[in-house]
Amino acid sequence: MGDKEEEAEGLLGEESLPNKSIRRPLFTRTAFIITIINIIVFFTSLALFVISFSQRYQLNFELRQASTYSPIFDRLDLEMRPRKIQGTLFPDKESASIARELPNAAADEIWEEWELSRFYPLTRDEIVRMGKDPSTVPKLEDSEWGLGDDAYVGAFDVYHQIHCLNALRQNAYRGYYKLTTRNHTVMGLPEIHINHCVDILLQALQCSSNVNFMTYHWVAGQEYPQPDM
């Protein structure tokens, strides 16, 4: 009887002893933090990929990358295609543009049509996105134009550039157009206007010029290589 009591007390004593074996948690605090960070990085990368992928299918995506904001990018699909510049000094008569012609009434009509600035309606938000102040832009009144209360006057800059090019062309043939000879010592209004046009075209060329190359070639009858433009 005594042996059984001692055995029972021994068992009870063993049960009352604290379990000194320590189990390591399967998921430590550090591993948890790293997992959360990885999840955040994954979903952030996924979101950026989706945004980038969707932008590439945005209307006029390529043109937007090389230009400041223009409302026309949201309204028209400006399809781009390669075009070879005709730069030869002696083009075929059939393919030569009117820019190669001597002054004449028919060519003048085309130039006047090209340089005519046509109004294009802009909204207030579009003007703000262009970095302009809509409070100083005149409205296209709804009573006259029927475009609602959010239509402001705009025009494509290319018309102004063509006007400046035509002004230089006319000055090159000032006798035909009965223009006075420009004064190279006094800056009057005619000189200010023509220099303004030169500057406008220079800025346009410098800001939107391409990086295409011209090659030079030996040509029969020429002492030096000639550019293939």
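1. In this predicted model, Asp 108 and Arg 169 form a salt bridge through their side chains, with an N to O distance of 3.0 Å. Asp 108 belongs to helix H5 (residues 105–115) and Arg 169 to helix H8 (residues 157–172), so the pair ties together parts that are 61 residues apart in sequence. Asp 108 counts as buried, because its relative accessibility of 12% falls under the 20% cut-off. Arg 169 is buried as well, with a relative accessible area of 12%.

2. The structure holds five salt bridges. Another of them joins the side chains of Glu 126 and Arg 75, at 2.5 Å from N to O. Here the partners sit in helix H6 (residues 124–129) for Glu 126 and helix H4 (residues 72–75) for Arg 75, so this pair ties together parts that are 51 residues apart in sequence. Glu 126 is buried, at a relative accessible area of 11%, whereas Arg 75 is partly exposed, at 34%.

3. A further salt bridge links the side chains of Arg 118 and Glu 113, with 2.4 Å from N to O. Arg 118 is partly exposed, with 30% relative accessibility. Glu 113 is also partly exposed, with a relative accessible area of 44%. As background, side chains of opposite charge can pair when their charged atoms come close.

4. Leu 122 deserves a separate entry. Leu 122 lies in strand S1 (residues 120–122) and is buried, with a relative accessible area of 10%. Which residues does Leu 122 contact, leaving aside its neighbours within four places in sequence? They are Pro 71, Arg 75, Ile 127, Met 130, Asp 150, Ala 151, Tyr 152, Val 153 and Gly 154. Arg 75, one of these contacts, is the residue that meets Glu 126 in the salt bridge of point 2. Tyr 152 is 30 residues from Leu 122 in sequence, yet their C-alpha atoms are 5.0 Å apart in space.

Conventions: Residues numbered from 1 in each chain as written. Predicted model: local features only at pLDDT ≥ 70, side-chain atom pairs only at ≥ 80, totals over all residues. Heavy atoms only, no water. Salt bridge = Lys/Arg side-chain N within 4 Å of Asp/Glu carboxyl O. Helix = DSSP H or I, 4+ residues; strand = E, 2+ residues; numbered from the N terminus. Buried < 20%, exposed > 50% of the residue type's maximum accessible area, 1.4 Å probe, protein only. Contact = heavy atoms within 4.5 Å.
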